[in-house]
Amino acid sequence: MRSGTTPPWLEDDPVPPKSPLSIWYHDLYTMGIDPTARFPRDRYKMLEERIRDAPLPSPIEFREPGLASADDLLRVHGPDYVDRFLSGRLSDREINRIGLKPWRSSFTQRTLLIMGGSISALEHVFQHGGISGNMAGGTHHSHADFGSGYCVFNDIAICAKIALEREDVERVAVLDLDVHQGDGTAATLRDTPGALTVSVHCEANFPFRKVASDFDLPLPAGAGDSDYLDRVQEGLDIVSGFSPDVLLFQAGVDALASDALGKLKVSRSGMRLRNQMVLSHVVDQGLPCVIFMGGGYSDPIKHTVDAFLDLFADAAIANGRMQRTTVLGGRHREREAV
Ligand SMILES: [Zn+2]
C-alpha cells in the first residue's frame, strides 16, 4: 500500500478483544539508566503510561521479560566481551563508545532484561503467529566484540540466530528503518546463511564508518516523507522477494523532523504511514513479525512517544487481524483465534 490510502485492516470492524498485542516491558528499561544520563530514559516510562491510558481500538498486553542467558549472548558475541560486561570489567573507552553514562550497576540487569524481552517476543510469534514487540531493544549498533551508540548487545542478530536454529525457519529478514544505519546487525549477520539485512537510513549520520548490509537504502540529510516512504517501499519489495519466514522490524522513529539526532524531516503522519506499509505487508503475507523499538530522541521527547504510541496501536490492530492464520516455513496454517 502507499499514497495515503487507509489499509483495509484498519478500516474493517473492530478487532475482537480476545487477541491482544503482547509487548515486553520492565521498569528497569527506564530506571536502569542513571537519571543524569544524556539518553532520554523517560521515553519508556512515558510510553508505557500512554499505552495504559490511551483508548486503543485493539488491546495491548504488557509482559515482563526474564534475563537473557550468557548462552543467548554468545550466539552473536565474543566470550571475552560477554564475560567482561557481565563481570563489570569493560574499560572506560568501551563504556564511552556505548555512551550510556554514568554507568550504574543496574545497567547490567537492564541490558539482560532487554535482550530477554526481544527473545521472548520472538518465541511468542513462533507459538502464536502474528506480531509481538519489545518496548526497547533494536540495538543495531552493537558488534560481536564491542558496543556502540547506546547498544551493548545486538538483540536483532541474537533473535535471527535463534530463529534460524528452528527446523521450520529457513529465512529471516531484518528490516531496519531507524534513521541510523544498522552497522552492527550487518556485521554480525554478514556470514549467516538465511539472514537478510535491509537498512533505510540517513547517509550523513552515525555510524560514520558504515558496515554494508545486504541492501542499504540511504537518504540525504533533510529528506522528507515522500523520499523516505519511497525508500521504505524499496525495502519492503526486497523483503518480499526474499520471502522470509519471520520479519524482524527495527522500528526506530528517529527519522522524525523533531528528532535531535535524526537529520531527516519525516512528519508524524509520514511515520505512521511507514508503519502501516510494513504492517500491511505483514498482514497480507501472514508473516510473523517482531517489533524492536529502536531509536527516538525528539526534543521534546513527547513527539517520540507519540510516534511509538502510533506504532504499537496500529500493530495491535494488525495483530488482531492475523490471529487466525500463521505462516511458518512458507506454509499457511489455519489456526483457531486465541
Ligand atoms: Zn537511531
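How many bridges join strand 5 to strand 6? The number is 5, and the two strands run parallel. The legends below describe close-up views of a predicted model.

View 1. An open sheet of 8 strands is arranged in the order 2-1-3-8-7-4-5-6, with parallel pairing. Strand 2 (60-63) and strand 6 form the edges, each pairing on one side only. On average, neighbouring strands of this sheet are turned by 15 degrees against each other, direction ignored.

View 2. Strand 4 (residues 172-176) is joined to strand 5 by 5 bridges, and the two run parallel. Val172 has Ala195 in strand 5 as its bridge partner. Between strand 4 and strand 5 the chain passes through helix 9 (residues 183-189), giving a right-handed β-α-β crossover. Strand 6 (residues 215-219) is also parallel to strand 5. In that pairing, Val200 stands opposite Leu217 of strand 6.

**View 3. Strand 3 with strand 1 and strand 8.** Strand 1 (residues 21-24) pairs with strand 3 (residues 131-134) in the parallel sense over 3 bridges. Trp24 is placed opposite Asn134 in strand 3. Helix 7 packs on the sheet and touches strand 1, strand 2, strand 3, strand 7 (246-250) and strand 8 (289-292). The direction of helix 7 makes about 175 degrees with that of strand 3. Strand 3 also pairs with strand 8 in the parallel sense, over 4 bridges. Gly133 has Ile291 in strand 8 as its bridge partner. Are the residues of strand 3 buried or exposed? Ile131 and Gly133 point one way, Ser132 and Asn134 point the other way, and all are buried.

**View 4. Helix 7 against helix 8.** Two packed helices are described by the angle between their axes and the distance between the axes. The axes of helix 7 (residues 106-128) and helix 8 (residues 155-164) come within 10 Å and cross at roughly 35 degrees. This crossing of helix 7 and helix 8 is right-handed. Helix 7 contributes Ile114, Met115, Ser118, Ile119 and Leu122 to the contact, and helix 8 contributes Asp155, Ile158, Cys159, Ile162 and Ala163. The residues of this contact divide into 8 nonpolar, 1 polar and 1 charged.

View 5. Phe206 and Pro207 are joined by a cis peptide bond with omega of about -5 degrees. Pro207 is in the loop between strand 5 and strand 6. Another cis peptide bond joins Asp299 and Pro300, with omega of about 0 degrees. Where is Pro300 placed? Pro300 is in the loop between strand 8 and helix 12 (302-321).

View 6. Tyr150 has phi near 70 degrees, a positive value in a residue other than glycine. The position of Tyr150 is in the loop between strand 3 and helix 8. Tyr150 counts as partly exposed because 18 other C-beta atoms lie within 10 Å, and the cut-off for buried is 20 or more. Phi of Lys263 is near 75 degrees, again a positive value in a residue other than glycine. Lys263 belongs to the loop between strand 7 and helix 11 (268-285). Why does Lys263 count as buried? Lys263 counts as buried because it has 21 C-beta neighbours inside 10 Å, and 20 or more is the cut-off.

Conventions:
Residues are numbered from 1 along each chain as its sequence is written. This is a predicted model: local features need pLDDT of at least 70, side-chain atom pairs count only at pLDDT 80 or more; totals for chains, interfaces and linings use all residues. Two strands pair if DSSP finds at least two bridges between them. A crossover is right-handed if, with the strands pointing away from the viewer, the path from the first strand over the helix to the second runs clockwise. Axes are lines fitted to C-alpha atoms, for helices over the stretch in contact, and angles run from 0 to 180 degrees between N-to-C directions. A crossing is left-handed if the near helix is turned anticlockwise from the far one by less than a right angle, and right-handed if clockwise. Two residues are in contact if their C-beta atoms, placed from the backbone, lie within 7 Å. Ala, Val, Leu, Ile, Met, Phe, Trp, Tyr, Cys and Pro count as nonpolar, Asp, Glu, Lys and Arg as charged, and the others, Gly among them, as polar. A residue is buried if 20 or more other C-beta atoms lie within 10 Å of its own, exposed if 12 or fewer, and partly exposed in between; C-beta atoms are placed from the backbone.
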